[in-house]
Amino acid sequence: METARVLVAADKFKGSLTAVQVAERVTAGLRRVAPEVRVETLPVADGGDGTVAAAVAAGFERREARVTGPLGDPVTAAYAVRDTTAVVEMAEASGLQHLPAGVFAPLTATTYGSGELLLAALEAGARTIVFGVGGSATTDGGAGMLAALGARFLDADGKPVGPGGGGLADLATADLSGLDPRLGEVDLILASDVDNPLTGPKGAPEVYGRQKGATEDDIAVLDAALAHYASVLGPEQADLPGAGAAGGIGYGALVALGARFRPGIEVMLDVLGFAPALARATLVITGEGSLDEQTLHGKAPAGVAAAARAAGIEVVAVCGRLALAPEALGGAGIRRAYALTELEPDPAVCMAEAGPLLERVAESIARDFLR
């Protein structure tokens, strides 16, 4: 019988395990039951937080830059480079992880540091930049990012508007003539699992504002300010898929930087070399912390399963909690899902003991599929 070749291509278990740790634990569990199995690991991400880490695990070089955090304080942000391709993750500069516990700034949080991170990638010689957007603390339409790249946003008195989405209500003129000319020479790929427009009932403030601390009044202010901003920069791009990603930074990238939107997991599978790894596999194990309705809309496990199904390779999934019926899993190309909560029903214990539990889950997969 031919030795099984397993490809572990899972995302992080948010709050418990990184994608790299998930791969390590699954590998350990598989080998305990089937020591002869060949395991290849390819941690994946869908453009949100964890994207740089996935690139580094796939052989990119990790680099760091000191940039402006969402509250204006300096933070250290990582990006990844291989040859002339850079992977930049906006959450590294402008993400919720840079906010102190319980502190939000929905009206003033800025993406300035994300622009500085893009500049660092340009300085590193990048000709292709994969710009993963998600996990943001911001709702400024990417105005801060563009300002860091040389744009000027002025009020009626010719003074720079205030930081964040709230300041855009005062915008009178937008001058993009100072944008770094190197931006015109790079292929900037906006990688996101979010296809929302900039404003309106499905827009960035309404759908994502509350998780960034916005009150109902704040959401109304931000939606009006972003609509005004779009009327100055270009309203037709405001409805494009991805414009509402990461507090509207997608819009800024699309309207001013010539970015092209692609589903984050598709981009990352290309960048990480998923196709050749898949060709070597007889079984794929994917997963993320919660397999739920959101998973089916562009999250990493759905992208991995779709690619594996197209290649005729069986897929199973691991997760912390499972909220999808077998029919939904099957429709996504996942033969079976194994949840940590099947072993430990207490979610808090599951989070704390995710590593050992995941090894036990992998032992079950080995018994069910490799024996």
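The legends below describe several views of one predicted protein model.

Residues are numbered from 1 along each chain as its sequence is written, and side-chain values use heavy atoms, with hydrogens and water left out. Because the model is predicted, local features need pLDDT of at least 70 and side-chain atom pairs count only at pLDDT 80 or more, while totals for chains, interfaces and linings use all residues.

View 1. Helices (H or I, at least four residues) and strands (E, at least two) are DSSP runs, numbered from the N terminus. Of the 371 residues, 54% count as buried, where buried means under 20% relative accessible area, exposed means over 50%, and partly exposed lies in between (1.4 Å probe, protein chains only).

**View 2. An open sheet of six strands, in the order β3-β4-β5-β6-β9-β10.** The pairing in this sheet is mixed, and two strands are said to pair if DSSP finds at least two bridges between them. Strands β3 (61–68) and β10 (260–263) stand at the edges, and each has a single partner strand, so one side of each is left without a neighbour in the sheet. Within the sheet, β4 (residues 74–82) and β5 (residues 85–89) run antiparallel and are joined by four bridges, and A80 stands opposite V87 in β5.

**View 3. Two helices that lie across strands of the sheet.** Helix α4 (residues 112–123) lies across β3, β4, β5, β6 and β9, running at about 140 degrees to β3, whereas helix α9 (residues 245–256) lies across β6, β9 and β10, running at about 155 degrees to β9. Axes here are lines fitted to C-alpha atoms, for helices over the stretch in contact (heavy atoms within 4.5 Å), and angles run from 0 to 180 degrees between N-to-C directions.

**View 4. A salt bridge between the side chains of E359 and R32.** A salt bridge is a side-chain nitrogen of Lys or Arg within 4 Å of a carboxyl oxygen of Asp or Glu, and for this pair the distance from N to O is 2.5 Å. The pair links distant parts of the chain, since E359 belongs to helix α15 (residues 354–369) and R32 to helix α1 (residues 19–33), 327 residues apart. At 12% relative accessibility, E359 counts as buried.

**View 5. A salt bridge between E61 and R63.** The closest N and O atoms of this pair are 3.2 Å apart. E61 is partly exposed, with a relative accessible area of 43%, and R63, at 29%, also counts as partly exposed.
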